[in-house]
Structures are given as structure tokens and as C-alpha cells.
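The following report describes one chain, moving from its overall layout to a few selected residues. Please read it with the sequence and the coordinates at hand.

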Amino acid sequence: MRILILLAIGLLLYIIITNLLRKSRSDSRKPAANSERMVRCEHCGLHIVEKEALQDNRQYFCSNEHLEAHRQS
Ligand SMILES: [Zn+2]
């Protein structure tokens, strides 16, 4: 008898979770991709989040030192 109750609860949870996943997948596809866009430092090749990177002349850098070093070379 206990097994039947557990099976019923499991089935219910499965239905709820798949419904939630389907909903969140169609809702939050765009914002997640935009906020965490990765760019590459032109000097050392390190990958950083775009909003934390320094930008100069369409190129990205991980730090001010690398920006300066790339300008001088
Ligand atoms: Zn760098």
C-alpha cells in the first residue's frame, strides 16, 4: 500500500516539475543569454563577462594593464 502512495506522489511531482521546466524555458531564454555574454581579452585570451570587461575600439580586455599593453604594442 505504501508503494502505491509513493508512486502517486512521484508521478504528481514529475508532472509538476515538467510543467515548471517547460514554462521557465520559454520565459527566460533571452535575458539569460544577454546578461552573461562572454568576451575574450585581446591581450591574454582570458574569457570574461562582457559587462566586466574593458572595451576599446571594439576590442575587450580583462584589465587596464592589458588594455594599455595592447595599445603600446
Ligand atoms: Zn588580459
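Helices (H or I, at least four residues) and strands (E, at least two) are taken here as DSSP runs, numbered from the N terminus. On that basis the protein chain contains 3 helices and 4 strands, and from the N terminus on these elements follow the order α-α-β-β-β-β-α.

The coordinates are those of a predicted model, in which local features need pLDDT of at least 70 and side-chain atom pairs count only at pLDDT 80 or more, whereas totals for chains, interfaces and linings use all residues. Residues are numbered from 1 along each chain as its sequence is written.

**Confidence and overall packing**

The predictor's confidence in each residue is expressed as pLDDT, on a scale from 0 to 100. For the protein chain the mean pLDDT is 89, with 88% of the residues at 70 or more. Among its elements, strand 4 has the highest mean pLDDT (96), while helix 2, covering residues 29-35, has the lowest (57).

Burial is counted from C-beta atoms placed from the backbone: a residue is buried if 20 or more other C-beta atoms lie within 10 Å of its own, exposed if 12 or fewer, and partly exposed in between. Of the 73 residues in the protein chain, 7% count as buried. The largest nonpolar core, where such a core is a set of buried Ala, Val, Leu, Ile, Met, Phe, Trp, Tyr and Cys residues joined through C-beta atoms within 7 Å, has 5 residues in all, namely A53, Y60, F61, C62 and L67.

Two residues are taken to be in contact if their C-beta atoms, placed from the backbone, lie within 7 Å. Among the contacts in the protein chain with a separation of 6 or more, 10% are between residues 24 or more positions apart.

**Residues around the core**

When neighbours within four places in sequence are left aside, L67 is in contact with L54, D56 and F61. D56 is located in strand 3 and counts as partly exposed, because it has 13 C-beta neighbours inside 10 Å. Residues up to four places away in sequence not being counted, D56 touches F61 and L67.

R40 belongs to strand 1, which comprises residues 38-40, and this residue is partly exposed, because 15 C-beta neighbours lie inside 10 Å. Apart from neighbours within four places in sequence, R40 is in contact with G45, H47 and Y60.

The separations of two residue pairs are set out below.

| Pair | Sequence separation | C-alpha to C-alpha distance |
|---|---|---|
| R40 and F61 | 21 residues | 7.1 Å |
| D56 and R71 | 15 residues | 9.3 Å |

**The loop between strands 3 and 4**

R58 is found in the loop between strand 3 and strand 4, and its phi is near 65°, a positive value in a residue other than glycine. Most residues other than glycine have a negative phi. N57 is exposed, because 8 other C-beta atoms lie within 10 Å, and R58 counts as exposed with 6 C-beta neighbours inside 10 Å.
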